[in-house]
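Please examine the sequence and the structure shown here before reading on.

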Amino acid sequence: MAMKLCVIAGDGIGQEVVPQAVRVLRQLLPQLQTVAADAGWETFQRSGNALPPVTLAAARDCGAVIFGAVSSPAHKVAGYRSPIVQLRRELGCHANLRPTLSLPGCGTPGIDLLIVRENTEDLYIGEEQSDGDTATAIKRITRVASQRVAASACQLAVAEGRRRLTIVHKANILPLTDGLFRDVARQVAADYPQLQVDELLVDTAALKLAQAPQAFDMLLASNLYGDILSDLAAAFGGGLGVAASLNLGEQAAIAEPVHGSAPDIAGQDIANPVASLLSLALLLRHWWQLPALDARLEQAVRATLAAGIRTPDLGGSAGTAGFCDAVLARL
Ligand code: NAD
Ligand code: MN
């Protein structure tokens with residue numbers, strides 16, 4: 001089967017980091033076919049749709065996708081919906097993998113943490129109501145989605161040789177919703193006796209993560225808690241310029257640098273491509289099942305950083321393209 005990658009660069013620095021990271025990937029996968037597709041704010045302004053049907057079709061067809069970043073309007077704009085939220089849902093990417101690992105000269109040493117975040121429900125279903133004085137939002141937790149993400153987390157933990165899985169919740173305040181998530185995760189994990197399973201209330205998890213991120217191995221969380229804790233963890237890994245993620249499902253996987261479109265630095269060839277490179281590395285490992293190529297790419301990124309070649313966000317003077325040249329030279 002031909003290997004295909006749908007390339008959605010998006011807005012702002014997405015247009016810089018994604019093409020450069022894909023250029024590096026091509027050296028590892030010369031047979032890779034790429035299909036470029038549009039999404040985001042500029043696409044919306046041009047066509048009235050932030051995620052055009054042709055983009056969705058290309059993403060489905062390829063299975064593997066890299067999504068750079070998109071800008072969102074500061075205020076609600078009629079008809080605009082976040083294309084990444086829609087894309088994750090349409091492609092059935094039920095789990096969000098957010099690793100934090102210490103890179104040479106970045107962040108806190110000694111961290112190797114994986115957060116698995118449920119990606120389809122919780123408060124992110126967008127069911128809000130307001131009469132102007134009272135506003136409510138629905139938090140939906142289902143057995144099926146909790147089971148699915150817990151199973152993915154346990155399988156990943158075993159495949160990656162991780163030993164401890166910590167379930168994050170707030171079941172003391174939300175016994176029905178978070179209680180369901182916690183109980184289902186416990187039931188699923190019981191089939192993996194090689195895993196040491198424990199649990200933490202989300203506020204305690206935040207405190208402990210801030211105190212000693214090295215102490216964690218793997219966290220499993222529902223959508224909102226996973227979103228917040230993974231950004232906290234990213235701060236220890238060297239910041240947004242290096243934070244990678246993968247949205248993983250049965251039919252598709254979307255590599256997604258955590259950062260946004262960074263309009264403050266766009267168009268200057270100074271954006272850090274490491275987040276995109278490491279997101280592609282996750283795709284190599286978990287979607288294409290090519291762990292040896294993932295290791296080669298990660299090693300080349302590490303060697304480049306260790307040589308003192310880095311973009312301005314990490315205190316260096318390399319450009320986006322120049323950094324990728326240096327990675328290519330080390331592959
Ligand atoms: P941002 O991530 O774009 O930028 C935050 C800060 O980090 C900025 O100072 C930026 O220069 C810096 N930064 C981010 N990525 C970097 C990189 N690769 N290299 C060097 N520096 C980097 O977040 P923001 O400023 O809050 O949002 C900007 C726009 O991006 C908004 O329109 C927002 O809606 C959108 N956004 C999109 C996504 C996404 O597409 N998934 C995520 C977050 C924000
Ligand atoms: Mn986030």
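Predicted model: local features only at pLDDT ≥ 70, side-chain atom pairs only at ≥ 80, totals over all residues.

Residues are numbered from 1 along each chain as its sequence is written, chains are lettered from A and ligands numbered from 1 in the order in which they are written, and side-chain values use heavy atoms, with hydrogens and water left out.

The chain is divided into domain 1 (1-104 + 241-331) and domain 2 (108-119 + 146-236), with bounds that come from an automatic or database domain assignment. The C-alpha centres of domain 1 and domain 2 are 24 Å apart. Across the boundary, 16 residues of domain 1 are in contact with 21 residues of domain 2, where contact means heavy atoms within 4.5 Å.

In soluble globular proteins, nonpolar side chains tend to be buried together. A nonpolar core is a set of buried Ala, Val, Leu, Ile, Met, Phe, Trp, Tyr and Cys residues joined through side-chain atoms within 4.5 Å; buried means under 20% relative accessible area, exposed over 50%, and partly exposed in between, with a 1.4 Å probe and protein chains only. The largest nonpolar core here has 67 residues, and L5, V116, L220, L277, L283, W288 and L297 have the most contacts inside it. Helix α9 (residues 274-286) gives the most to this core, with 8 residues; helices (H or I, at least four residues) and strands (E, at least two) are DSSP runs, numbered from the N terminus. Because domain 1 and domain 2 both give residues to this core, it lies between them. Apart from this core lies another, of 21 residues, including L51, V65, Y80 and L87.

L87 also belongs to the buried residues of α4, which are P83, I84, Q86, L87 and R88. Among the elements that cover these buried residues are β1 (4-10), α3 (53-62) and β3.

Where do the open and enclosed spaces lie? On a 1 Å grid over the protein atoms alone, a cavity is a set of points where a 1.4 Å probe fits but cannot get out, while a pocket is an open set with protein on both sides within 12 Å along at least five of seven lines; lining residues have an atom within 4 Å of a point. The largest pocket is lined by 35 residues, of which S72, R81, S82, V85 and Y124 lie nearest its centre. Helix α4 gives the largest share of this lining, 5 residues. Domain 1 and domain 2 both give residues to the lining of the largest pocket, so it lies between them.

The largest cavity is lined by V85, R88, R89, R117, N119, T120, Y124 and N223. Its lining also takes its largest share, 3 residues, from α4, and it draws at least three residues from each of domain 1 and domain 2.

Finally, H94 is found in the loop between α4 and β4. Is H94 buried or exposed? With 4% relative accessibility, H94 counts as buried. Not counting residues up to four places away in sequence, H94 touches residues including R117, N119, T120, R148 and L248.
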